[in-house]
Amino acid sequence: MATTKHWFITGVSTGFGKELADYCLRNGDKVAATFRKQEQADEFTQKASENGRGFVVEVTDEAQVKQGIADAIQHFGHLDVIVNNAGYGSLGSIEEIDAKEVQRQFDVNVFGPLHVLRAVLPHLRERRSGHILNITSIGGLKTFPGVGVYNASKFALEAIGESLSQQVAPLGIHVTNIEPSGFRTEWAGSSATYADTAIEDYRATVGENLKGIQGYSGRQPGDPQRAAKIMFELVRQENPPLHLPLGKAAVKGAREKFTGLVKELEQVADLGDSADFPAGE
């Protein structure tokens with residue numbers, strides 16, 4: 001079996017996308033990388049030489065996504081790993097983020113990955129192989145004040161990945177939801193949008209949490225290069241996981257979320273069970 005992997009990675013200009021693409025190229029894999037600007041795509045193509053090529057793809061434009069996937073397959077012959085990485089955080093109270101911004105958050109974080117999946121799945125099904133990595137977040141498992149709209153988009157991507165894994169596992173295709181905690185990317189900086197917390201009732205919850213997020217930017221414990229190495233090795237595993245929290249805070253947060261859910265379930269299980277017709281009726 002060939003050890004070289006062919007990657008299609010969205011959102012390679014910064015953050016996880018950039019580090020992952022660079023790591024793959026340094027270690028002998030081939031990379032189709034998407035950017036929003038032609039000059040970025042050209043610079044990547046020049047730097048990567050024959051092992052990589054940049055494509056201009058806005059993930060919210062389904063026609064561009066289809067063309068980008070088709071061009072990547074034509075250029076490299078086939079694709080092995082698909083990374084839904086492009087995304088951003090829309091932060092603010094649920095009451096104060098307007099409908100237009102909520103739509104944009106879902107256009108990028110949910111409908112964009114769906115465009116990619118619809119475009120690439122026929123190719124992966126035909127090959128009976130492949131690995132899809134959805135970059136979600138610990139915020140796709142656990143919520144925080146002031147992060148509700150972003151949480152909702154990542155919860156949706158988590159569900160898409162879980163359901164998809166059940167659909168494609170018999171076809172030899174793997175799916176992994178990658179769930180990072182705080183990493184030193186631009187997620188909390190230039191890549192994020194912030195709605196002002198003007199409502200006094202939310203200052204102590206939303207306002208304080210967003211101050212903490214902004215103040216922590218650039219000092220997060222997560223190392224994007226280590227994350228890239230983990231993902232590179234992950235797609236070479238015979239039985240990769242469906243979920244992979246990345247970072248100590250993500251592992252801790254996932255444990256807290258699921259332990260809390262089980263505890264709550266046990267407290268209400270009898271009440272929930274009582275909603276069914278009695279046995280035999």
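Are Val81, Val83, Ile82 and Asn84 of E4 buried or exposed? Here are my notes on that strand and its neighbours.

1. First, the ground rules. This is a predicted model, where local features need pLDDT of at least 70, side-chain atom pairs count only at pLDDT 80 or more, and totals for chains, interfaces and linings use all residues. Residues are numbered from 1 along each chain as its sequence is written, and side-chain values use heavy atoms, with hydrogens and water left out.

2. Back to E4: Val81 and Val83 point one way, Ile82 and Asn84 the other, and all are buried. (Buried means under 20% relative accessible area, exposed over 50%, partly exposed in between, with a 1.4 Å probe and protein chains only. Strands, E, of at least two residues and helices, H or I, of at least four are DSSP runs numbered from the N terminus.)

3. Who sits beside E4? Strand E1 (residues 6–9) pairs with E4 in the parallel sense over 3 bridges; pairing takes at least two bridges found by DSSP. Isoleucine 9 stands opposite valine 83.

4. E4 (residues 81–84) also runs parallel to E6, joined by 4 bridges. Look for valine 81 opposite histidine 131, and isoleucine 82 opposite isoleucine 132.

5. E6 (residues 130–135) is mostly covered, with 6 of its 6 residues buried. Gly130, Ile132 and Asn134 lie on one side, and His131, Leu133 and Ile135 on the other.

6. E6 pairs with E7 (residues 173–180) too, parallel, over 6 bridges. Between E6 and E7 the chain passes through helix H5 (residues 148–168), in a right-handed β-α-β crossover: with the strands pointing away from the viewer, the path from the first strand over the helix to the second runs clockwise.
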